[in-house]
Amino acid sequence: MLNLPHFRIDYHDFLRGSNSYVNYPDGGFLSTSYGINIFNTPGLLTTTPHKSETVHSSLGSSEPIIAWGLGPSSSGLGGELVALGVTGSSDGVFYNVNSSSGNITANGSADTTQAYNGNGFVDAIQYQGSWYFTSRVNVIKCSIDLNTKDLTFWTTTKSKSSLQQYSPHPMVVYNDILWIADQNYLHSLDGSTASTQVFDLPSGWVITAMCIYNNLIYMAAEPYWNASGFYHGQAKIFTWNGYSDSWLDEYDVDTRVNCLYVFDGTLFAFTQYYLGYFDGVRVKYLRPVLNQIFKSQVTQVDNSMFYVDGINMIRYGSPVPGTRKVFVNYIPATASQGYSAIIAHYLKQMIIVEKGNSNGLPYLVSDINAAGGSSESYLQDYNARFFSRPVRVRSVVVETESGLASGQSVDVNYFDHTGASKDAAFFGYSSNEFGTGALQGKNIWRFDVEDGIVTRTIRPSVTVAKDTKLRYVDFYYEQSEDDLNN
Amino acid sequence: MAQDPIQQMEEMESRYRINVPDPKAAESLSVNMGVPDPQSVDQNNAQPGKTQKSSPDQETEFQEHDHNGLNSKPVSIRNLKDFFEVLSATPTHKAKNAWDQIKIVNNAGTRELWVYDYLTADWHKI
């Protein structure tokens with residue numbers, strides 16, 4: 001049997017990451033497959049790390065976390081992490097976040113005096129030893145530990161007009177000044193001096209995202225309110241140095257930019273339909289996105305950028321330093337409602353907040369590269385192989401890194417040209433038999449078949465469970481003169 | 001940042017499109033590529049005492065030899081003896097090769113010809 005021709009699923013497929021689309025093989029895995037961990041042991045495939053539930057206190061169910069901020073701690077040691085959540089009544093809740101334990105604890109009562117709803121409308125940032133949050137209409141100032149809150153800092157303490165409630169209010173700190181976006185304006189807080197409309201775009205424009213890049217303020221804006229991003233055309237990216245009378249440059253972008261994010265020296269833009277990067281002239285699209293993605297849903301750890309898109313968490317990085325970065329569908333959400341926010345700033349940990357039925361579900365991943373535990377099992381589809389003549393699958397050979405331990409397993413399927421699945425029974429073994437007691441301790445096994453229809457398409461599908469490390473799967477086939485049968 | 005699309009497509013072509021040799025191509029070609037000729041009898045299930053040798057001459061494709069494996073000489077496929085097995089009951093096994101696929105059944109004195117259909121994985125009386 002092993003003198004037959006074969007093709008192999010191995011690191012050539014693993015290290016290509018995930019397809020952008022199901023039928024376009026720019027990666028090694030179909031875009032509908034998740035749990036792909038090629039970072040734990042480069043060259044081998046295993047499952048993504050386990051999520052451990054953390055402690056949370058009254059995490060809002062509507063939009064559990066819609067903003068989070070990182071800054072120096074009051075002691076000067078390590079970082080301070082805070083988050084802002086929203087209840088079903090649009091009330092704001094302020095949270096202390098313990099980055100090492102992942103515990104998210106509400107600090108004080110919810111603010112019921114003003115609205116905070118709408119991801120992308122509010123923000124959180126640390127400036128000169130205090131935390132600043134934006135609601136839909138105000139700027140809130142809090143002490144470093146959140147214990148003291150001035151909920152109407154902008155309108156009462158600084159006697160300024162309310163912010164425009166239908167416009168996003170992202171914030172940046174640049175040249176030791178806090179800048180607050182409000183429709184087509186930037187307001188500023190320089191130490192204790194608050195000033196309004198220090199910078200302005202043309203009337204009617206709305207700033208949707210901001211970041212600091214190449215020592216300039218980059219602002220994404222569009223000429224109308226378009227929170228859901230349904231309208232396209234005429235969005236722009238503006239740059240400003242913080243003191244000139246007007247903006248320095250402007251660049252055209254077709255669709256609304258929901259988030260600007262700098263990673264690995266590159267400015268990424270999350271637009272309504274795509275993730276792209278700014279090349280100095282335009283935003284070049286890299287990959288499609290299915291949902292609006294905001295600042296709280298993007299983070300980075302271990303030289304990878306992570307963002308969440310619905311129930312999918314995508315990792316953009318290179319398993320082997322110096323090689324090309326690839327997109328990988330990483331840890332899928334447990335809840336069907338998908339992700340709310342992801343936070344990473346301590347070692348290789350990540351705090352994940354999902355939207356749940358009654359409460360937001362926060363999890364802690366202790367090591368973003370770790371292999372999964374006993375509950376992790378992912379079926380992953382690979383790009384189909386197409387044959388110039390009908391063939392019949394005769395055998396599969398599976399090899400793992402080491403002899404299988406208890407709970408580890410590999411299942412091999414394939415789909416033929418009719419879409420029918422040839423699963424474990426087809427190969428003459430029970431599901432997960434590769435991991436049962438009879439095969440414990442073994443790292444290579446062969447399953448032969450004697451029948452089956454001929455096909456010109458073999459689409460491999462492999463399930464890896466727990467922390468099994470798959471080296472390859474070989475599919476042996478022989479040509480046949482039989483006709484294809486649909 | 002993004003891979004060149006042309007380079008991407010070239011990589012896809014080489015990995016996902018697999019050329020399968022024409023089984024009706026010249027025998028020497030399939031021998032050189034190490035690809036078994038599907039028209040040849042499966043060597044592992046050939047009748048005892050008979051071996052197969054690839055030869056340009058289809059008439060002398062098989063060899064027979066005596067009990068000690070000596071005195072091999074070519075034999076035509078037409079002269080193969082005892083090729084169709086005679087059974088006393090209807091076959092129920094899964095046929096693995098051409099020899100296994102055709103059986104003669106002696107059903108209470110009536111001879112029946114049975115063939116195995118690979119597509120439906122069952123036996124049929126002709």
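# Reading a predicted two-chain model

Colleague: Between which strands of chain A is the loop that holds the place of D176(A)?

Modeller: D176(A) sits in the loop between β11 (171–174) and β12 (177–182) of chain A, and please keep in mind from the start that this is a predicted model.

Colleague: Where is the place of D302(A) in chain A, and what is its phi near?

Modeller: D302(A) belongs to the loop between β23 (298–301) and β24 (304–309) of chain A, and its phi is near 50 degrees, a positive value in a residue other than glycine. Here the relative accessibility is 32%, so D302(A) counts as partly exposed.

Colleague: Strand β11 has come up already, so which strand holds Y174(A), and which residues is Y174(A) in contact with when its neighbours within four places in sequence are left aside?

Modeller: Y174(A) lies in strand β11 of chain A, and because its relative accessible area is 6%, it counts as buried. Once the neighbours within four places in sequence are left aside, Y174(A) is in contact with W179(A), I212(A), N215(A), L216(A), I217(A), N241(A) and G242(A). One of these contacts, N241(A), shows how to compare sequence with space, for Y174(A) and N241(A) are 67 residues apart in sequence and 9.0 Å apart in space, C-alpha to C-alpha.

Colleague: Is S130(A) buried or exposed, and in which strand is S130(A) found?

Modeller: S130(A) is found in strand β8 (residues 130–134) of chain A, and its relative accessible area of 12% means that it is buried. Beyond its neighbours within four places in sequence, S130(A) is in contact with I125(A), K141(A) and C142(A).

Colleague: How should I read a nonpolar core, and which residues touch the most other members of the largest one?

Modeller: As a general idea, nonpolar side chains tend to be buried together in soluble globular proteins. In this structure, the largest nonpolar core has 49 residues, and those that touch the most other members are L45(A), M313(A), M350(A), I352(A), F427(A), L470(A) and F475(A). Strand β31 (residues 385–400) of chain A gives the most to this core, with 5 residues. There is also a second, separate core of 32 residues, which includes L186(A), A220(A), I237(A) and Y251(A).

Colleague: What does L45(A) touch, not counting residues up to four places away in sequence?

Modeller: Among the residues that L45(A) touches are F14(A), F29(A), I36(A), Y382(A), V464(A) and L470(A).

Colleague: Stepping back to the whole chain, how many helices and strands does chain A have?

Modeller: Chain A has 2 helices and 36 strands. Its radius of gyration is 26 Å, close to the 23 Å that the globule rule gives for 486 residues, so chain A is as compact as a globular protein of that length. Of the 486 residues in chain A, 58% are buried. Where contacts in chain A join residues at least 6 apart in sequence, 59% of them join residues at least 24 apart.

Colleague: How many positive and negative side chains does chain A have?

Modeller: There are 31 positive and 44 negative side chains in chain A, and the centres of the two sets lie 3 Å apart.

Colleague: What pattern does chain B follow along the sequence?

Modeller: Chain B contains 3 helices and 8 strands, in the pattern α-β-α-β-β-β-β-α-β-β-β when read along the sequence. Buried residues account for 23% of the 126 residues of chain B, and among its contacts between residues at least 6 apart in sequence, 13% join residues at least 24 apart. The accessible surface of chain B comes to about 8700 Å², of which 52% belongs to carbon and sulfur atoms.

How values were computed: Residues numbered from 1 in each chain as written. Chains lettered and ligands numbered in written order. Predicted model: local features only at pLDDT ≥ 70, side-chain atom pairs only at ≥ 80, totals over all residues. Heavy atoms only, no water. Helix = DSSP H or I, 4+ residues; strand = E, 2+ residues; numbered from the N terminus. Rg over C-alpha atoms; globule rule 2.2 N^0.38 Å. Buried < 20%, exposed > 50% of the residue type's maximum accessible area, 1.4 Å probe, protein only. Contact = heavy atoms within 4.5 Å. Lys, Arg positive; Asp, Glu negative; His and termini not counted. Charge placed at Lys NZ, Arg CZ, Asp CG, Glu CD. Core = buried A, V, L, I, M, F, W, Y, C linked by side-chain atoms within 4.5 Å. Areas by Shrake-Rupley, 256 points an atom, 1.4 Å probe, with all protein chains shown as cover.
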